[in-house]
Amino acid sequence: MALLSIELKINEKLFKNDPQRTDLGRKILQYSVIMIDELGLERFNFKKLAQRIGSTEASIYRYFENKYLLLIYLVNWYWEWMSFRIDLKTMEIEDPVRRLRTVISCIVDTAKRNTTVAFIDEDILHRIVVAEGTKAYHNKAVDAQNRDGFFSSYKELSKKVADVILENNPDFPYPRSMASNILEMTNNHIYFAEHLPSLTEVKDNCDILAQVEELMLYYIWKLIFPPTVQHDEKEQQINRQVLMPERWSVDVVTNGLQHSTE
């Protein structure tokens with residue numbers, strides 16, 4: 001499978017030199033993901049990273065001012081990659097229900113390693129987003145960082161999801177809240193299934209991502225299309241189709257949700 005040459009647009013204030021554009025920069029990104037996952041952000045530092053990649057601390061500082069900006073960069077890369085995949089998978093889908101289902105599939109499936117991207121392991125990066133990602137915006141400098149656009153990738157992604165929600169129900173009163181909840185819940189329940197199983201019905205002894213996708217579809221459809229006597233025939237059909245206790249599976253080629261009654 002050919003490797004993709006993708007350069008995602010990341011806020012320029014997060015780096016000194018764009019690491020996506022050089023071999024050393026891509027190596028910094030690749031091994032920082034691996035090492036932050038191995039060590040945790042607190043124990044990770046540029047000295048250890050330099051030793052791992054056979055370079056110098058000074059060379060890493062030419063790309064990033066500190067490890068916290070590197071973390072924010074990596075989290076932004078994850079959200080931008082998810083946004084890119086949503087655009088790619090939905091560009092030819094006009095039906096709003098199918099668009100929303102595909103968006104949910106992309107949100108869940110971004111946690112899976114994509115072998116076409118050479119320098120980032122999305123599976124490992126997803127673990128960092130779950131375990132360390134809140135440190136990117138739960139800090140004393142969050143307001144100043146927000147003014148500098150450090151979290152624009154996340155906010156734009158959330159708006160993209162909210163817009164698709166409104167396509168399905170223009171009267172839904174909480175599209176932005178729903179969108180941010182979808183993004184957070186998806187990550188949380190993958191993590192809970194693997195580490196805190198009593199907090200979720202998702203089981204780690206079978207396909208976690210498929211279970212989380214089914215969970216999110218149930219949750220979202222119940223809220224967006226609540227059962228009422230005013231439902232028209234189309235909405236009733238949507239509810240019957242999505243909420244029936246039947247099996248769902250992720251199509252790795254289309255990222256579409258494939259319905260099975262076998």
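Me: Why is Met91 called exposed?

Reply: Its relative accessibility is 58%, and exposed means over 50% relative accessible area, with buried under 20% and partly exposed in between (1.4 Å probe, protein chains only). So Met91 counts as exposed. Keep in mind that this is a predicted model, where local features need pLDDT of at least 70, side-chain atom pairs count only at pLDDT 80 or more, and totals for chains, interfaces and linings use all residues. Residues are numbered from 1 along each chain as its sequence is written, and side-chain values use heavy atoms, leaving out hydrogens and water.

Me: Where does Met91 sit?

Reply: In the loop between helix H4 (67-90) and helix H5 (96-109); helices here are DSSP runs of H or I, at least four residues, numbered from the N terminus.

Me: What makes a nonpolar core, and which residues touch the most other members in the largest one?

Reply: A core is a set of buried Ala, Val, Leu, Ile, Met, Phe, Trp, Tyr and Cys residues joined through side-chain atoms within 4.5 Å. The largest has 73 residues, and Phe64, Trp77, Trp79, Ile107, Leu125, Ile182 and Ile220 touch the most other members. H4 gives the largest share of this core, 13 residues.

Me: What is Phe64 in contact with, beyond its neighbours within four places in sequence?

Reply: Contact means heavy atoms within 4.5 Å. On that basis the partners of Phe64 include Leu14, Phe15, Ile28, Phe46 and Tyr73.

Me: How much of the chain is buried?

Reply: Buried residues make up 48% of the 262 residues.

Note on methods: Helix = DSSP H or I, 4+ residues; strand = E, 2+ residues; numbered from the N terminus.
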